[in-house]
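Please look at the sequence and the structure below before reading on.

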Amino acid sequence: MSTIQKIVFQNVPLQNRVVQSKVILSYQLFGQPVGSAPLVLVNHALTGNSQVIGENGWWQSLIGESKIIDTKKYAVLAFNIPGNGYQDVENLIENYQDFTTYDIANLFWKGIDSFKVNQVFAIIGGSLGGAIAWEMAAIRPKAIANLIPVATNWKASDWLIGNVLTQDLILNNSKNPIHDARIHAMLLYRTPESFQEKFHNKLQNSDGLFQVESWLLHHGEKLQNRFQLSAYKLMNYLLKTTDIFKNKNKSEVIKGITSNIHLISVDTDYFFTANEIKTAFQEVKNYKNNAFYHEIKSIHGHDAFLIEFEQLNNILKPIFN
């Protein structure tokens, strides 16, 4: 298992002109040494972390020895979004509304710079991680060979902003904030069809508790046991801040990105809808001929990027081979 390493940045200027006195960026490295092989950066989603491979790796179906992102062939780097609390509850961020995905993307570039690498073979991320990947491409449009945002978009939609507000209200007002916010979130990450296929209206016990209720309560408890409140507030809030065109000319931003862009959506996703990702793809196609659209077919909604690994593997195979 790769150990967690840390870089400390002092006096970091944020997008809103606040200066954060200290930010700790932690990371894990897998596979080949950085500099000796093509570098793949993997950005985690809202409740994810830098442990992307191995027994507890959240993308172990995709990354590892002889897998699609082959650790015998690539140097794989995964940062923790500062403040996510992964194996470090000392460095949580309370002023969560000062941070944006742009700030996180900037910090990730500073982290990459510490390895003296100026070209990244691929940046891949799902959901929040993919939004940060988009921001990284906008900041350094010529530094990434392959940009792979999965189940995400370059700008937060009104639907997403509304749901972030709902989550924020639960996190700030509930007696049981992480638990209750997670239950609401699970309803957004899946679909009615996914639930029906999984539970079939079955009861869990003789007290009248349904299996779906038991499952949701379990997810609430599980996250409550491993996640800090300030971390959840920050990760949730970051989602609404995504906008790679903020104070910039849209066509200039798109034209500037030299990467091969692979947009991957889920047909039933209603967190980041397939329709909004298709629309982004059509806009990119106006300026670039090295952009590609892929769609995962699934009844499972947003979470399909963690469930339908065979489809995802087939989409990624040509890029990483």
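## A buried ring pair

Y74 is buried, at a relative accessible area of 3%; buried means under 20%, exposed over 50% and partly exposed in between, for a 1.4 Å probe and protein chains only. F320 is also buried, with 1%. The model is predicted, so local features need pLDDT of at least 70 and side-chain atom pairs count only at pLDDT 80 or more, while totals for chains, interfaces and linings use all residues. Residues are numbered from 1 along each chain as its sequence is written, and side-chain values use heavy atoms, with hydrogens and water left out.

A pair of aromatic rings is described by the distance of the centres and the angle of the planes. Rings of Phe, Tyr and Trp (its six-membered ring) pair if their centres lie within 6.5 Å; planes under 30 degrees apart are stacked, over 60 edge-to-face, and the rest tilted. The count comes to 18 aromatic pairs. In one of them, the rings of Y74 and F320 have centres 5.6 Å apart and planes at 90°, so this pair is edge-to-face. The pair links distant parts of the chain, 246 residues apart: Y74 is in the loop between β5 (69-70) and β6 (75-79), and F320 is in helix α11 (residues 309-320). Helices (H or I, at least four residues) and strands (E, at least two) are DSSP runs, numbered from the N terminus.

## A tilted pair

The ring centres of F79 and F108 are 4.9 Å apart and the planes are at 35°, so the pair is tilted. F79 belongs to strand β6 and F108 to helix α1 (residues 101-113), so the pair ties together parts that are 29 residues apart in sequence. F79 is buried with a relative accessible area of 0%, and F108 is buried with 1%. Ring pairs join Y27, F79, F108 and F115 in a cluster.

## Cavities

A cavity is a set of points, on a 1 Å grid over the protein atoms alone, where a 1.4 Å probe fits but cannot get out; lining residues have an atom within 4 Å of a point. Grid points are joined across faces, edges and corners, and a volume is the space filled by probe spheres set on the points. There are two cavities of 30 Å³ or more. The largest has a volume of about 80 Å³, and its lining includes I24, S26 and N80.

The second largest cavity has a volume of about 30 Å³. Three residues of its lining come from α3, the largest share.

Methods:
On a 1 Å grid over the protein atoms alone, a cavity is a set of points where a 1.4 Å probe fits but cannot get out, and a pocket is an open set with protein on both sides within 12 Å along at least five of seven lines; lining residues have an atom within 4 Å of a point.
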